[in-house]
Amino acid sequence: MSQPASWSVLNPDSLYSRVRRDRTAAEYDYWRTLRPVADINSEEDWTTLCTLLYRDTGLSKGILTRNFGALDTLDRLPRLKALIAETYLLDLYHLSIISKAIGKAPTELQEEDFLWRSLDEDLMALFTPSRPQQLLPGTRTINNTIADTIASVKNLAAPQVPDPWGKPTPEPEDGPTPCEDPAATMRSLPPADDAGRVSSLFVEPLPDDRLNFSLAVDQATGVLLTDVLSQAARTRKTNQANAMVDQLLDPVSLTVNSLLYRASDVDDAPVFHPTTGILTEEAAQTLQDMVTQTLDMDAARDAETPQHDMTHPIRCCVIGRDWTCRWPGCNAPATHLDGDHRINHEDGGPTRADNMVMLCRHHHNRKTDVQATYLLDPVTGDVYWHFSDGTYAVDLAAGPLAPRKKNWVQTYSQRAARAREYAARKAAAEEFERYQADQEPRPAPQPYEPVLVRHRAPPEEDPPPF
Ligand SMILES: [Zn+2]
């Protein structure tokens, strides 16, 4: 196909796309006009400003905070900002998703220019089309991209890993105290004997007489639990919350596969999990030590079975390429979806990765009803959707086996090494500053500040009667 790469939402031949562009441009103008000139944290009182804006626009404080925050985020991403100013590819809704995802990075990491340069680079790669009529990435892909970028520079924040148990609370000295807040009491308890696995469970009564269970575990344990829960939900045909209850009260035997994807030809390649994303080094190591089976994706890519259902390796290959349901705009994770034969099995379509696409049950039915058809590029994993009105759009594969992500893995290991160097240099510079500060004479420390409280003597009480 010789057409230039483009976004389907910027199609000049579509009335909807043209109207969308005008609306998005006007939306940015509107929000730039509303945006406070002064720094909202210092000069202007934020509450007063919100009240004035509410009076004149009817916009709630929540929406004002979200969209101003999104514009602040965009100011730190100069290349993405220039792209949006030129094309209006992303509206403020998309921008707020990006802003929220970046907000999940550790606070100290958000102060690092290195993070913002890396985010700008990866977001530009995500929002630069490589096919004509390319579909805008879904929210899951946007969130995953940002989470992956944060993971690639996490070394910058490594020295400040917080203690999951916080500061130890001193034991009460004078016997037991009334237990008014059971959850707070549980939080203050020291860790159980198996300190290797840092877990905590809070049980709090809710106002409607139900009980709220809140469980925090390390990432490796969490990955295993999420996989057990989704398998239990699938086996018991219910949602994950009900499946968890049923599994605790009436356990059934489950076969659970936790899939870990790692490039074998890249040093220090990250480990991807289908729902958790890039794992921390510790979690990746813990889980890799438990691995019972290793699958070769080079072999699985060309493997074929005469059966209708995919073999386990073929299925892992298609999940690793697709990562989500491939229907335009669907964000369902691929792990428990149906594999769809592009050319139906009964019409001679092989059960092979290059004829299989992951679709959720809902969209699988749509496809079976022939509301839309698709072509699958066997090399890139791109899916070309054809609609009944004669138009088409391209969905790019987003999993770690997709060619684009494979290239990024190379970037990941190089960037992680640079981030490690940068963190080491910064730590050395801070060490030197502390050393210099130690050399300068300091005023004598004053350990306490006496405060004189002047008051008048209380009036004398009447003498007690005899
Ligand atoms: Zn779907």
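User: In this predicted model, which residues of the largest nonpolar core touch the most other members?

Analyst: The largest nonpolar core of this predicted model holds 33 residues. Those that touch the most other members of this core are I98, I102, L119, L123 and I146.

User: Which helix supplies the largest share of this core?

Analyst: Several helices each supply at least two residues of the core, among them α4 (78-87), α6 (113-126), α7 (139-152) and α9 (219-236). Also in that group are α5 (92-102) and α11 (281-288). The largest share amounts to 5 residues, and the helix supplying them is α5.

User: With which residues is L123 in contact, leaving aside its neighbours within four places in sequence?

Analyst: L123 is one of the core residues that touch the most other members. Once neighbours within four places in sequence are left aside, the contacts of L123 are L77, L80 and T145.

User: How many residues make up the second, separate core?

Analyst: The second core is separate and includes V357, C360, V383 and W385. Its residue count is 28.

User: Which residue in β11 is the bridge partner of Y384?

Analyst: Strands β10 (residues 383-387) and β11 (residues 392-395) pair in the antiparallel sense over 4 bridges. Their hairpin has 4 residues between the strands, and G390 takes a positive phi near 90° there. For Y384, the bridge partner in β11 is V394.

Conventions:
Residues numbered from 1 in each chain as written. Predicted model: local features only at pLDDT ≥ 70, side-chain atom pairs only at ≥ 80, totals over all residues. Core = buried A, V, L, I, M, F, W, Y, C linked by C-beta atoms within 7 Å. Buried ≥ 20, exposed ≤ 12 C-beta atoms within 10 Å, placed from the backbone. Contact = placed C-beta atoms within 7 Å. Pairing = 2+ DSSP bridges.
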